[in-house]
Structure formats: C-alpha cells, structure tokens
Amino acid sequence: MKLGLVGWRGMVGSVLVERMLAEKDFDHCTPFLFTTSQAGQASPYEWAANDTLLDAYDFNALMEMDALIVTQGSDYTQKVYEDLYQKGWQGYWIDAASHLRMDNRSEIVLDPINANLIKDAILSGTKTFVGGNCTVSLMLMAIDGLVRRDLVEWIIPMTYQAASGAGAKSMAELINQMGSIYQTKTQASPSENILAIEKQITHNMQSEERFPQSEFGVPLGGSLIPWIDSVKAPGLSKEEWKAEVETNKILGREASIGVDGLCVRVGTLRCHSQALTLKLKEDLSVSEVEEYLKEGNEWVRYVENSPEASKKYLTPASISGGLDIAVGRLRKLSVAPNMYSIFTVGDQLLWGAAEPLRRVLRLVLSEK
Ligand code: HSE
C-alpha cells in the first residue's frame with residue numbers, strides 16, 4: 001500500500017509519525033511525504049519512499065496513493081477532498097480535521113470504542129475515516145466500560161482543555177505568557193510582598209502591548225478562557241456542540257446519549273482534562289462503577305479517589321506524553337439518584353488526535 005502523508009511536519013503530524021515509527025507501521029505500507037509549501041525540497045527522512053517532497057496539490061501524485069493520512073487542517077481538506085474523488089480516486093482518506101466528521105460518507109474513528117463499526121464500514125466500501133474531536137475521544141476512552149454496558153443516560157462534561165488543542169502557535173504563546181508573568185515577578189523588587197507582585201502581573205496581563213496575546217486574543221497563562229472555537233448557536237460554542245453529535249456518531253446506536261457541557265481553555269500544554277457528571281440508567285455502587293471503568297480498555301488507569309493519588313496520578317503533568325487515560329475522583333453525587341462524578345485526563349495529541357488515525361490505517365490494512 002502506498003501511503004501519502006500530508007501535514008506530517010505539524011504538531012499532530014509529528015506525533016503521528018513518531019507513533020508510526022514506534023509501532024513499525026511503515027513495515028506494512030510505503031510512506032510518501034507531501035507538502036503544501038516545499039515541493040521539490042529534499043525529504044528529511046530516510047524512511048520516506050520519495051527523496052524529494054511531493055506537492056500536496058498535485059492530483060496526479062495524490063491519485064497514485066492507496067491511502068492518505070491528512071493532518072493539515074480543514075482548509076486543505078476542503079480544497080482537495082471532493083476534487084480528488086471526482087477525478088476517480090479510489091483510495092482511503094484518513095483525516096484529523098473536523099471538516100468531514102459529520103459527513104455521511106465518513107466514519108469517526110476511535111477503534112477501542114467502535115472497531116466493529118469501522119470494520120463494517122471498510123467492508124462496505126467506506127473510504128473516509130476521520131479522527132474525533134479530542135475531548136470526545138478522550139471522554140469515551142475514559143468511560144468505555146460504562147458505555148459498553150449501555151449504562152449512561154446523559155453526561156455533562158466540563159472541560160479543562162490544553163493550549164495544544166488550539167495549535168502549535170497557541171502553545172508557544174502560552175509559554176511566552178508564562179515567561180512574561182515570571183519576568184514581571186523577577187523585575188519586582190525582592191522585598192515586595194506577593195500582593196504587590198500580583199498587582200504588577202495583573203496590570204501587565206491587562207495590557208495588549210505588554211502581554212503577548214496575538215493567538216488567543218486574551219491572556220491564558222495566569223487566566224483561563226471559557227469559550228473554545230466559533231459560535232455554533234447563540235451562547236453555544238462549536239466545541240460544546242461537537243460533544244453530543246460526535247459521541248453518538250462514534251457509538252452508532254439508535255438510542256442516543258445526551259451530552260452537553262461547558263468547554264474551557266486552561267493554561268496546560270497538551271493534556272485535556274474533563275470533569276464528567278454522569279447520569280446512569282441504574283443505581284450502582286461506587287465499587288461497581290469502579291470495576292466497570294477498569295474493564296473499559298487497556299489504556300484506562302484508574303486512580304483511587306484519595307488526595308494523594310489524585311494529585312499524583314490524575315493530572316496533566318503525570319499523563320502528558322503517554323497513552324494512558326487517567327480516570328478518578330469517582331463519587332456518587334448526593335443531588336439526585338444515579339448521578340456520579342468522574343475526573344479524567346488524557347493526552348490531547350495522542351488519543352485525542354494522532355493515535356486513532358494510525359490505528360485505523362492498520363485496520364484498513366488488515367480488513368482489505
Ligand atoms: N478543538 C480542540 C481544542 C482540539 O480546541 O482543544 C482538537 O480536537
């Protein structure tokens with residue numbers, strides 16, 4: 001199989017390539033590197049089949065591929081996808097961007113949850129496979145054991161989303177903002193007390209000239225942003241809208257699960273966290289819910305609901321860079337029957353973006 005990679009230099013693409021090399025995916029296909037801006041330049045990787053980079057807008061070159069993994073963003077997808085198929089291409093389009101997620105021709109891929117749907121789709125001729133929104137994928141990975149048993153009636157996810165979800169430049173801006181905060185502190189006289197330093201930092205943060213904010217438009221470091229993505233409906237962000245529609249498309253069941261919450265950007269680097277309020281269909285004990293969560297999938301790391309374990313194992317700092325999905329703070333809530341709280345943390349670039357893409361390629365290779 002000839003596999004074209006588009007967007008491999010970007011953040012999700014880099015994580016994807018790292019994972020594909022670690023899992024030896026290129027032993028099962030022949031990778032070709034495409035570029036939107038540097039066609040003809042030397043390929044930086046010896047594992048690529050092409051010595052010079054191919055043009056990602058060259059339809060003849062794209063049509064040679066049996067599959068494309070695209071981590072270039074929705075703009076590229078909008079420019080190329082329709083034309084490529086209209087020209088008669090028969091290959092697989094595997095995409096990280098949201099543009100095709102709710103399209104009838106696509107399947108949203110998260111194989112620990114919906115491998116059966118994916119396999120059926122491959123066998124019935126579906127060619128378009130799209131990774132889910134990161135919070136949706138991470139949430140479903142976390143509560144897999146409950147969803148599998150059809151125990152979930154509805155979910156309210158309150159998210160704490162990392163800067164990486166907004167892209168590499170935004171992540172860099174967060175670090176610059178952190179630096180600006182630290183600089184303000186060190187510039188303050190050592191004899192000044194913490195409130196004087198805070199006052200100076202807040203003054204600095206409130207100035208567009210002094211505080212770097214061209215990406216987010218407002219401070220994230222030392223603050224948070226309670227709105228992610230565009231407006232989907234009055235008062236509803238697109239990120240919040242995605243939760244229910246994508247969850248139910250991934251599950252592909254007749255009866256849908258209600259999912260509605262608030263999405264918030266926080267000053268973490270690459271892990272999305274979520275506080276989930278769950279309404280279950282049955283009155284289960286906490287130990288039963290714990291057992292089902294642990295049974296979910298091999299990546300779930302259940303964290304005991306204690307201060308020590310929660311602070312040590314249920315944080316972006318401990319989960320970043322790995323495939324583990326930490327699940328903890330499990331409690332039965334007192335406000336109404338069958339209600340539970342859970343806190344979960346996962347790496348936004350791995351299970352939230354790159355990992356489902358490389359895994360669907362392996363499914364395509366094995367089912368074809
Ligand atoms: N939309 C997500 C975010 C990332 O902004 O965090 C990609 O799914």
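Buried means under 20% relative accessible area, exposed means over 50%, and partly exposed is in between, using a 1.4 Å probe and protein chains only. Keep that in mind for Tyr81, which is buried at a relative accessible area of 3%.

A word on the source. This is a predicted model, where local features need pLDDT of at least 70 and side-chain atom pairs count only at pLDDT 80 or more, while totals for chains, interfaces and linings use all residues. Residues are numbered from 1 along each chain as its sequence is written, and side-chain values use heavy atoms, with hydrogens and water left out.

Tyr81 sits in helix H3, residues 74-86, together with Tyr85. Helices here are DSSP runs of H or I with at least four residues, strands are E runs of at least two, and both are numbered from the N terminus. The two tyrosines are 4 residues apart, about one turn of the helix. Tyr85 is partly exposed, at 21% relative accessibility.

How do the rings of Tyr81 and Tyr85 meet? First, the rule: rings of Phe, Tyr and Trp (its six-membered ring) pair if their centres lie within 6.5 Å; planes under 30 degrees apart are stacked, over 60 edge-to-face, and the rest tilted. The whole structure holds 11 aromatic pairs. In the pair of Tyr81 and Tyr85, the centres are 5.0 Å apart and the planes lie at 70°, so this one is edge-to-face.

Next, helix packing. Two packed helices are described by the angle between their axes and the distance between the axes. Axes are lines fitted to C-alpha atoms, for helices over the stretch in contact, and angles run from 0 to 180 degrees between N-to-C directions.

Take H1, residues 11-22, and H13, residues 350-367. Their axes come within 9 Å and cross at roughly 50°. H1 and H13 are therefore oblique. The cut-offs: under 35 degrees is roughly parallel, over 145 roughly antiparallel, 65 to 115 roughly perpendicular, and the rest oblique. Contact means heavy atoms within 4.5 Å. From H1, Val12, Val15, Leu16, Arg19 and Met20 meet a set in H13 that includes Leu350, Ala353 and Leu361. The residues of this contact divide into 9 nonpolar, no polar and 3 charged. Nonpolar covers Ala, Val, Leu, Ile, Met, Phe, Trp, Tyr, Cys and Pro; charged covers Asp, Glu, Lys and Arg; the others, Gly among them, are polar.

Now H5, residues 134-142, and H9, residues 238-251. They pack at about 50°, axes 9 Å apart. This crossing is right-handed too. H5 brings Thr135, Val136, Met139 and Leu140; the H9 side includes Glu239 and Lys242. The contact splits into 5 nonpolar, 2 polar and 3 charged.

Thr135 and Glu239 come up again. Which residue touches both Thr135 and Glu239? Gln161 does, and among its other contacts are Ile228, Cys263 and His272. Gln161 lies in the loop between S8 and helix H7 (168-187). Gln161 is buried, at 1% relative accessibility.

Last, strand S8 itself, residues 152-160, which holds Ile156. Ile156 is partly exposed, at 29%. Beyond its neighbours within four places in sequence, Ile156 contacts Asp260, Gly261, Ala275, Leu276 and Thr277.

Notes
A crossing is left-handed if the near helix is turned anticlockwise from the far one by less than a right angle, and right-handed if clockwise.
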